[in-house]
Structure formats: C-alpha cells, structure tokens
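Please open the structure in your viewer and keep the selection panel at hand.

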Number of protein chains: 2
Amino acid sequence: MVTAQRSTGGKMSDQRRERLRLEISREAARLFWEHGVAGTSGDQIAEAVGLSTRTIWRHFRSKESCAEPIVMQGVVTLLSVLRTWPREHSLEDHLTAELNRLRREGAPVDVADEMLAMKMIRLADSEPALRTAWLMACDRTEQQMRAIIGDRLGRPADDLDVRLHAASTAAVIRVLDEHIGAAYLAGTDPAEFGDLPELARRFAHAIRTATGGAVGDPVA
Amino acid sequence: MVTAQRSTGGKMSDQRRERLRLEISREAARLFWEHGVAGTSGDQIAEAVGLSTRTIWRHFRSKESCAEPIVMQGVVTLLSVLRTWPREHSLEDHLTAELNRLRREGAPVDVADEMLAMKMIRLADSEPALRTAWLMACDRTEQQMRAIIGDRLGRPADDLDVRLHAASTAAVIRVLDEHIGAAYLAGTDPAEFGDLPELARRFAHAIRTATGGAVGDPVA
DNA sequence: TGTCCTGTGTCACTAAGTGACGTACTGTCG
DNA sequence: CGACAGTACGTCACTTAGTGACACAGGACA
C-alpha cells in the first residue's frame, strides 16, 4: 500500500504546509519592510505569527529565506497561467485571455501579498540577504519553467536547450517584475500597468525574444 | 600569518582587497568541498588562510558568501573577453579569437581556481547556502553585462531592453557554465570541451538566441 | 480505549556575526 | 628624522541565528 499516497493521514498536507509557510512569510516580510532585515529577529517573527521561534526554524532554513514564499507570490499567477497554456494557442493570446479572465473572476493571490512581494524586491536592492531570497525564488521559477517548456517542446526538462530557454524566460520575467514593481512602488500611475493586453503583450514579447522565438508560437 | 605584500599606501587598494578576498575564498571553497558547508566553521577558514576570524567577517558578510569570489572565477575570463569586444566584430569571431589567444598566451585565471569554481557550483546542487552564493555571483555577472550590452547598443545600462538582454545573456552563461562544469566533473573527456572554436560557437549561439539576435552582430 | 504518528513547545547548546578598543604598520607633513 | 593620521588587523565580550533532544498534545486508526 506504499504506492497510493496517504492523503488524509496524520501527516500535514503539502498544501497546509505551504499555507503556513506563506503566513509566516507574510509577517516576516511586513517586519522586514518596517524595521529592516537586521532590525527584525526570529523571535519577533515568531511572536507576530503566533508560533514558537523553534517552529519558525523548522519551516525555514534561515531568516532571509522567510521572505521567499511571499516573494514567490509575485510570480505564481504568471506561472500558473503558463502552466495551463494550451499547445494550440499563441503565448500572447493565452496570456491576454487568462489574465483577463482572472481579473474578472478575482485574482487567486491577494493584492496585499503582491504589494508585499514588490516591497521585498525593492528592499532587495539595499539588503543583500533579501536579494538572495529573491534570486532563490527566481531559481525555483526557472525549475518550473523547465517543466513547462520541456513539455511544450516535447523534450525532457533537463535537455540543454530547454534549460537555456527556461533560464532566459525566468530571467526576463524577473527583470519585468523588478521593473514593474519598482515603477509601481515609485508611484507611477497604476493605469499604465492596468492595461492587461498591453502587459500580456510585453511579457509575451520578452519571452519570445529571450528564447529566439522557440517559445511563443502554437505547436502541433 | 599571511603577511601578504602590503607594499603600497595606507589605504588598501581595491585590487589588493580583491586578491585577499579571493585568497580567503580559495581556502573556504576547498574546505567546503572537503567537509561540506555545515562542516566548515568560520574559525577553520580563518585558520586555513592565516587570519583571525574577525577579519574574515570584515571581508565577507556571511559564511556562504565566502564562496562568491572563487565562483566568479568561473566566468571572469568570459566576462573580460566580452568587455573587449570590438563593435565591428561578430560575437563568434571575437570569442574564438580571444579564447584562442588566451590559450596560447596562458589563461589569466588559475586552472585550479576554475576547478574549485566548478566544484562549488556542483556543491550548490545539494547545498542551498552555496546556491545563493552562485546566484549572487551570476547576479554580478548580469550587472556587468548591462554595461557591456548597453555600451554596444548605444543605450544606457538601465534601459529596460538592455536589462532584458543582459539578464538573458547572464542566464545562458550560467546554464552553460553549470552544464560544462557538471560534465567536466563527471569525468567527460575534456577534449570535448577543449575545442575552443566549438565552445565559443556554443556560447555565441546561446547568447545570440537569448537576445533575439540583438547581441551578436557587429554594430555600426 | 489505546497506540501510533506527527507537529509543536521548551530548554540547553553551538556557531555565525558584530561592537568596541587597542595595536602595528605605512605614507605624509614638517 | 619624528610626530601625526589613517587603515587593517587582533582580541574579547556579546548578541542572535539556528540545531538537538525530549516531552506533550491531538488526530487517525485498530
């Protein structure tokens, strides 16, 4: 009976674990933003989230890494949209349609979380510790892009070309995220980014360029 | 005591500072490889390089970051070659010519350092702490690529397109480095990578693809 | 009900990293 | 040459990130 996954056992589900990590991350990010990373202790994070300090270290390997889940929230939407990209659609069409649909039906991630993510990325400019967290989050993005692109190109995820395309794709997503987040926090008119089709077009164009056109078109 | 030649002036020159950081990094990397990161203490690094532990923390903000300089040695050659890329040459031609010239005249970086760099990148697969160091080194690569590409395209280094191209370029350099390093450490025949023109061609092609052709051709 | 199993709290402990202060060396000005 | 200024380094006390060990609570399952 080892084969079937014990979904409802005494063991904490992965989903629940992720939710807890996200909750810790939220409080940590808030404190980081208010008092800086150096000015925030593990004890403070633990107290803010209502857990013992020991439990914090059971869920995160370091203080900086507490920021990773919330920082990932800045790209999970895009990632989940890419994961459902049908082979017969172009990148532009799919992104536009899905982002529009999400806007209508309500985004899966909290707006406050996205704000926190932007703040962390902003803070990463001056705090090397947070920069590592952001880069690690982008690294995980890249891993997922390998699966998505590998699947789309009909090649293994560890194929060299797939890895190259995934790395470039993750890189441009990161840069666009940094750019948009910085502009947003700087007070640029949100309407400028509110135009979903334009936003989708920019992401799609950047990804298409970064992969030399290998990722973007419909595939047979 | 290390008592390295501190010949010039009251203030330590940036070059001397970098040399010292590299020396510390070498010992740290060697210890990380032999005993793992967790199995290496700051005291051990200090003793190995002949400095006090306090001085180690004056030069590095954390234990993991001690690996950054040596890990950077894996890309400094390529970076320095790219920095001297004349506008009227194609990427392929310049890379081939320069890498050949370096091979003839003797490489600027120690072979042992490159081996250590590969080992660190390898170790980064299993040690998250080292992965952050590797990613931070790649991040610095990206900063330098912004200057190189911005200069070549005749646009400011913080231009969005320049940043996108730089990010993609740094990403493919990273992936190729990981790929070649892993193969090398796995015992693949070095002759396979010893073919400089072929290696240069692969890097050039990857960069050209990752920038949609914007980086690679001669410019007027 | 009793027995696993797992997540968490408590406490003692190791080690990463910092602050403060003293010292030795080096170049500079008189 | 000698006093001065600046900087890198050593020493030591100290804070805090992070771990190991063990006990306890609560839910699943017989």
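Copies of a chain are superposed here by least squares on the C-alpha atoms of residues with pLDDT of at least 70 in both. The model is a predicted one, in which local features need pLDDT of at least 70, side-chain atom pairs count only at pLDDT 80 or more, and totals for chains, interfaces and linings use all residues. Residues are numbered from 1 along each chain as its sequence is written, while chains are lettered from A and ligands numbered from 1 in the order in which they are written.

**Both chains**

Display chain A and chain B together. Chain A is superposed on chain B by a rotation of 180° with 0.0 Å of shift along its axis, and the RMSD is 0.0 Å. The two copies are thus related as by a two-fold rotation axis.

**The interface**

Next, select the residues of chain A in contact with chain B (C-beta atoms, placed from the backbone, within 7 Å). There are 21 of them, and they meet 21 residues of chain B. Which elements of chain A give two or more residues to this side? They are helix H7 (128–153), helix H8 (160–185) and helix H10 (196–210); helices are DSSP runs of H or I with at least four residues, numbered from the N terminus. H8(A) provides the largest share, 10 residues. By class, this side of chain A holds 11 nonpolar, five polar and five charged residues. Ala, Val, Leu, Ile, Met, Phe, Trp, Tyr, Cys and Pro count as nonpolar, Asp, Glu, Lys and Arg as charged, and the others, Gly among them, as polar. Because 100% of the interface residues of chain A are also interface residues in chain B, the copies meet through the same surface.

**Two domains**

Now colour chain A by domain, with bounds from an automatic or database domain assignment: domain 1 is 14–66 and domain 2 is 67–210. Their centres, taken over C-alpha atoms, are separated by 24 Å. The contact between them takes 13 residues from domain 1 of chain A and 14 residues from domain 2 of chain A.

**An annotated region**

Select residues 41–60 of chain A, which an unreviewed UniProt entry annotates as "DNA-binding region". UniProt positions follow the numbering used here, feature names are shortened, and annotations may be inferred rather than shown by experiment. The span is 75% helix and 0% strand, and its end C-alpha atoms lie 14 Å apart.

Notes
Two residues are in contact if their C-beta atoms, placed from the backbone, lie within 7 Å.
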